[in-house]
2 protein chains.
Amino acid sequence: MRWDEIDRQVCSVARALSVVGERWTLLILRDAFFGTRRFDQFQASLGITRHRLSERLGKLVDHGVLRRVRYSERPPRYEYRLTRKGLALYPVLMTLGTWGDDWMDRGEGPPVVYVHNACGKQIRPQLTCSECGEPLRPEGVLPEVGPALALHVLEAQEGDRELPAFPLLSAEVTVD
Amino acid sequence: MRWDEIDRQVCSVARALSVVGERWTLLILRDAFFGTRRFDQFQASLGITRHRLSERLGKLVDHGVLRRVRYSERPPRYEYRLTRKGLALYPVLMTLGTWGDDWMDRGEGPPVVYVHNACGKQIRPQLTCSECGEPLRPEGVLPEVGPALALHVLEAQEGDRELPAFPLLSAEVTVD
């Protein structure tokens with residue numbers, strides 16, 4: 001499988017990575033969450049070529065993660081703002097940052113700390129259950145075949161499709 | 001800046017991406033969380049070359065995200081298991097998957113659903129505050145310069161280092 005085909009996998013992680021899984025893209029989005037909007041600001045922060053930055057920003061606009069807004073008429077200049085779809089990536093960036101804080105620390109403490117307006121405290125983001133509010137840990141959560149994967153399996157059994165290569169469908173694999 | 005230098009940024013997101021930000025790496029880890037352990041199983045699921053898979057697995061072992069365990073003496077065969085550092089990436093994969101469910105759905109519903117053992121319900125992962133338990137939203141969380149970034153700024157002021165390029169340090173940038 002080629003990288004540009006990963007959105008064909010019946011998997012939401014693969015589909016998400018088909019949009020944000022390129023080098024630099026999540027760093028562009030990190031900067032956007034810190035308030036960066038303009039091409040030259042992104043470039044100053046990331047130090048990548050104009051060509052690559054332009055390609056990455058264009059792809060994020062095409063996927064509706066950023067929108068391009070004109071902020072000057074003469075000369076015409078544009079800035080890039082997070083859409084609702086882009087803002088919804090906040091948990092991805094925060095969990096990456098938390099992992100970096102926990103495991104890639106260099107004995108200097110965290111580079112950035114976060115204060116929650118609602119409670120006024122310095123906080124850690126944590127992943128919790130929507131139903132009972134308890135923290136989610138991999139050993140306490142059971143993945144099951146959902147509607148989309150079940151549909152693809154059914155269509156494969158009827159001979160209309162190939163069975164998707166997905167670990168959850170492999171009998172050889174045991175989770176422990 | 002070259003991609004292989006991003007871990008020099010005083011930023012936990014960049015440091016995390018220096019380990020897991022390559023194409024395929026997060027998909028390898030997705031498979032590991034679903035129970036995949038063996039080279040040939042990873043290859044069957046991802047369909048990438050043995051060379052690339054071997055390089056990616058090797059890097060994850062070098063960074064202590066996976067460990068290589070011999071499961072057969074003759075012939076010698078190895079499998080790859082998540083370490084504690086690897087298991088700690090669970091929130092990153094779950095938030096990517098949730099974003100994919102929400103925004104990359106193709107009208108077929110989610111490919112995989114999750115049941116929380118503790119409450120027995122089908123759940124959604126959500127990112128919440130460690131202190132008050134409320135969901136975290138970007139507009140409700142204030143990033144502040146933390147110890148590591150403050151140290152680098154101080155050392156830059158004393159002339160011992162360059163000021164890190166980081167959006168939080170730029171006066172031009174306004175968050176709205």
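**Chain A and a tryptophan pair**

Let's start with the fold. Chain A has seven helices and six strands. Helices here are DSSP runs of H or I with at least four residues, strands are E runs of at least two, and both are numbered from the N terminus. This is a predicted model, so local features need pLDDT of at least 70 and side-chain atom pairs count only at pLDDT 80 or more, while totals for chains, interfaces and linings use all residues. Residues are numbered from 1 along each chain as its sequence is written, chains are lettered from A and ligands numbered from 1 in the order written, and side-chain values use heavy atoms, without hydrogens or water.

Now the order of elements. Along the sequence, chain A reads α-α-α-α-β-β-α-α-β-β-β-β-α. Its radius of gyration is 20 Å, well over the 16 Å that the globule rule gives for 176 residues, so chain A is more spread out than a compact globule. That radius is taken over C-alpha atoms, and the rule is 2.2 Å times the number of residues to the power 0.38. The C-alpha atoms fill a box of roughly 60 × 40 × 30 Å along the principal axes.

How much of chain A is buried? Of its 176 residues, 49% count as buried. Buried means under 20% relative accessible area, exposed over 50%, and partly exposed in between, with a 1.4 Å probe and protein chains only.

Next, helix 2 of chain A. Nine of its nine residues are buried, so helix 2 is largely enclosed by the rest of the structure. Among them are A:Leu26, A:Ile28 and A:Phe33, but also A:Arg30 and A:Asp31. After helix 2 comes A:Gly35, with a positive phi near 110°.

Now the aromatics. The whole structure holds six aromatic pairs over all chains. Rings of Phe, Tyr and Trp (its six-membered ring) pair if their centres lie within 6.5 Å; planes under 30 degrees apart are stacked, over 60 edge-to-face, and the rest tilted. One pair is A:Trp24 with B:Trp3, edge-to-face, at 5.2 Å centre to centre and 85° between the planes. Where do these two sit? A:Trp24 lies in the loop between helix 1 (12–20) and helix 2 (25–33) of chain A, and B:Trp3 in the segment before helix 1 (12–20) of chain B, so the pair joins two chains. Buried or exposed? A:Trp24 is buried, at 1% relative accessibility. B:Trp3 is buried too, at 9% relative accessible area.
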